[in-house]
Amino acid sequence: MSSLNRREFLYMMSVLGASSLYAKSHQKLFDVKNVDSYYKIENFGNARFLHMTDCHAQLMPVHFREPSVNLGLYSNYGKPPHIVGEHFLKYYGIKEGSRAAFSMTCINYAENAKRFHRVGGFAHIKTLTDHLRGSFGKNKTLFLDGGDTWQGSATSLYTRGKDMVEALNILGVDVCTGHWEFTYKEKEILANIKALKADFVAQNVTVKDEALMDGAHAYNEDTGRAFRPYVMKKMGDHMVAVIGQAFPYTTIANPQRFIPDWSFGINPDEMQELVDEVRAKEKPDAVVVISHNGYDVDKKMAAVVSGIDFIFGGHTHDAVPEAVPVKNSKGVTHVINSGSNGKFIGVLDMDIKDKKVRDFRFTLMPVFSDLLPEDTQMKKHIDSVRAPFIEKLTKPLATTDNLLYRRGNFNGTFDQIICDALREVKGADISMSPGFRWGTSVLPGEAITFDDLMNHTSMTYPETYTRDVKGADLHNILEDVADNLFNKDPFLQQGGDMVRTGGLSYTIDPSKDIGKRITNLELSSGEKIDANRIYKLAGWSTVGSASTGEPVWETVEKYLADHKHIKNLKLETPDIIGVKDNPGIQRSLYPGKA
Amino acid sequence: MKRRKFIGLGFATMAVTALQSVSSASIFSEHPKAFMAKTGDEALKDAYGTTDVMKDDKAMLKLPDIAENGGAVPVTVSTSLNNAKNMSLIIDGNPRPLAASWELTEGTIPKFSTRIKMRKTGNVRLIVEDANGKLHEAVKQVKVTVGGCGG
């Protein structure tokens with residue numbers, strides 16, 4: 001099937017420089033000496049899973065800089081995915097300046113991006129996944145998508161996620177679950193799921209009792225579940241159960257107003273009951289979960305629920321090149337996370353025998369757009385989706401000297417532009433922008449296009465606001481969001497990064513309890529924040545009720561038109577206490593004290 | 001049975017139970033101060049005459065880790081004890097912590113679901129009074145956020 005020819009393989013192999021040291025990785029992934037390896041990895045066992053997650057509707061190849069700050073605390077201190085930059089290279093034995101280093105870390109990002117070009121892109125992903133499926137056996141391969149697929153680009157918003165549903169259909173994805181999918185309206189979501197050829201599964205979304213009384217549709221009225229909780233799939237001679245776990249905090253982190261009938265939660269007790277029921281009733285050869293919990297939440301779920309073989313996780317956008325084992329009362333569950341933005345395909349080969357997974361190989365495979373040829377059918381779809389808007393999408397709004405990115409626990413440079421724009425255009429003292437983990441990168445010397453801007457702002461509740469806020473309340477907001485990120489209990493972590501601030505600096509001690517993490521709140525003038533004074537705050541993306549201001553991309557577009565060129569961007573990041581030796585921060589790239 | 005019909009039946013049953021509670025000797029009629037108490041322990045003291053509780057697995061409390069809506073947090077209370085006399089729900093962070101009390105007459109299945117209003121993050125406690133008048137407690141913290149930024 002594949003349009004990869006031998007010469008292309010050879011090229012790929014010669015440019016990938018790093019040895020694969022990870023436990024249970026396929027042979028010779030990054031250290032390829034023989035022509036038949038790299039994208040044509042050595043087959044193992046009798047069932048292959050392909051895993052993609054959090055592509056955020058990036059149909060086109062992207063730049064996406066991995067975080068330089070992704071702190072792990074308590075039991076997750078120094079554990080994947082809380083290892084970044086040089087610490088990551090050292091931990092996994094990857095050579096600096098290699099393609100592997102470029103795809104998985106922030107080190108010399110701009111320089112490496114110019115050498116290795118963009119990653120991902122659905123036309124390239126299609127070529128790779130068709131190849132991985134074809135070379136192993138179509139009837140033995142299952143393709144899972146972990147959600148955050150219908151949101152994140154201009155065209156996904158303009159088509160209400162339909163462009164991505166069609167892309168998933170062309171790609172041949174078999175099973176999906178969701179998160180940002182639920183930021184469209186209930187009717188649109190149900191119509192999209194209907195149009196989706198893949199099974200949409202979620203055990204942890206229920207229809208509220210009062211909605212049921214009013215006649216709302218449920219997949220199962222007895223359990224109250226809104227969607228099919230699991231699906232049985234035939235893989236060669238084996239039957240595998242795939243259980244869905246949608247993002248548990250959708251109705252807290254995102255607006256409830258679009259989906260008033262549905263209730264979400266981690267629901268670990270229900271997960272255990274379901275696993276037991278599926279094991280007893282279906283007698284599966286293996287049980288896997290396609291999850292949007294986030295990495296640390298998945299690890300805790302793997303510890304408290306038994307009977308799951310693998311969790312294919314997402315949400316926290318972590319590119320982790322190994323399957324991490326977690327012990328529980330009855331055995332071991334392995335947790336996988338396959339990055340974001342279409343940068344990676346996770347490949348898991350299982351050896352199943354006598355209703356048991358005897359052994360496996362896992363490889364996180366980067367999607368290099370300059371190495372993989374485009375699939376023509378997917379390319380055609382992407383072109384047709386973009387054609388009506390192409391002039392607007394490709395319009396340069398400004399140029400930049402700085403590398404622009406978002407991902408990381410604190411302000412990224414693209415957030416800084418959004419925060420600066422909100423303050424300047426709206427005449428506010430302080431601005432705030434949510435700590436989303438999506439948002440692609442723009443290289444120094446490049447133009448910032450409308451596409452780029454929408455990759456950071458495209459969503460169904462982009463309205464801006466300005467309001468008067470007391471100093472004490474500013475403090476409360478920061479404490480609340482910090483607790484969602486750094487709470488000791490992973491089940492209380494919502495998986496976003498810290499709220500981005502403009503005109504406001506502070507010190508944070510992530511290891512403290514809520515109410516005690518944030519100190520030294522100051523305006524950018526150096527003036528201390530007075531708890532009783534009123535400040536003018538500008539922001540966007542309100543979860544409670546819709547704000548009335550223009551969509552934030554209009555605010556930023558105006559700002560970029562006024563400035564035309566971004567240079568000497570001053571990144572406002574907090575001083576961090578207690579992280580000096582934490583491998584979750586690349587201190588050489590951190591502008592604050594840490 | 002369809003869940004829809006079952007829920008309908010549930011509402012009818014609840015109305016009957018409420019009538020029974022009013023007609024029997026209830027905490028509300030015998031200890032009117034308990035519902036006005038400003039701390040959970042004050043309410044306990046007034047309702048049961050003691051704050052001594054056993055933290056065991058006899059009292060069972062099901063609540064979310066984080067509330068989707070602090071104004072209506074779903075809670076299910078139950079007990080594995082036979083012949084328990086009473087169950088009470090205390091929300092420590094609320095201005096009037098005692099939120100509900102159930103008198104268990106003979107033959108009642110001791111399992112109830114309801115919604116509670118929570119002003120802020122804090123502990124929710126279920127107190128079960130067994131046949132001997134001893135108190136059993138289950139505690140669960142529920143977080144009420146000011147607004148998330150998930151992504």
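Guide: Strand 10 of chain A and strand 12 (residues 331-337) of chain A run parallel, joined by four bridges. This is a predicted model.

Visitor: How do you know that strand 10 and strand 12 of chain A pair?

Guide: Pairing takes at least two bridges, and these strands have four, so they count as paired.

Visitor: What makes strand 9 of chain A a partner of strand 10 of chain A?

Guide: Three bridges link strand 9 (residues 286-291) of chain A to strand 10 of chain A, in the parallel sense. That meets the cut-off of at least two, so the two are paired. Val288(A) has Phe310(A) as its bridge partner in strand 10 of chain A.

Visitor: Which way do the residues of strand 10 of chain A point, and are they buried or exposed?

Guide: Phe310(A) and Phe312(A) point one way, Ile311(A) and Gly313(A) the other. In a regular strand, side chains alternate between the two faces of the sheet. All four of these residues are called buried because each has 20 or more other C-beta atoms within 10 Å of its own.

Visitor: Which domains does chain A have, and how far apart are their centres?

Guide: The assignment gives domain 1 (6-62 + 118-381) and domain 2 (394-589) of chain A. Their centres, taken over C-alpha atoms, are separated by 30 Å.

Visitor: How do you know that domain 1 and domain 2 of chain A are in contact?

Guide: Contact needs C-beta atoms within 7 Å, and 27 residues of domain 1 meet 18 residues of domain 2 of chain A on that test. On the domain 1 side, helix 6 (154-158), helix 10 and helix 12 (295-304) of chain A each give two or more residues. Helix 12 of chain A gives the most, four residues. By class, this side has 11 nonpolar, 13 polar and three charged residues.

Visitor: How many residues take part where chain A touches chain B?

Guide: Chain A brings 33 residues and chain B brings 16 residues. Helix 17 (471-486) of chain A supplies the largest share of the chain A side, five residues. That side divides into 15 nonpolar, 13 polar and five charged residues.

Visitor: Why are strand 1 and strand 5 of chain B called edges?

Guide: The sheet is open, with three strands in the order 1-2-5 (chain B) and antiparallel pairing. Strand 1 (59-62) and strand 5 (111-116) of chain B each have a single partner strand, so one side of each lacks a neighbour in the sheet. Strand 2 (residues 73-79) of chain B meets strand 5 of chain B over six bridges. There, Val73(B) is partnered by Ile116(B).

Visitor: What makes up the hairpin in chain B?

Guide: Strand 6 and strand 7 of chain B form the hairpin, with five residues between them. Gly133(B) in the turn has a positive phi of about 85 degrees. Eight bridges join strand 6 (residues 122-129) to strand 7 (residues 135-142) of chain B, and the two run antiparallel. Gly122(B) has Val142(B) as its bridge partner.

Key: Residues numbered from 1 in each chain as written. Chains lettered and ligands numbered in written order. Predicted model: local features only at pLDDT ≥ 70, side-chain atom pairs only at ≥ 80, totals over all residues. Contact = placed C-beta atoms within 7 Å. Nonpolar A, V, L, I, M, F, W, Y, C, P; charged D, E, K, R; others polar. Domains from an automatic or database assignment. Buried ≥ 20, exposed ≤ 12 C-beta atoms within 10 Å, placed from the backbone.
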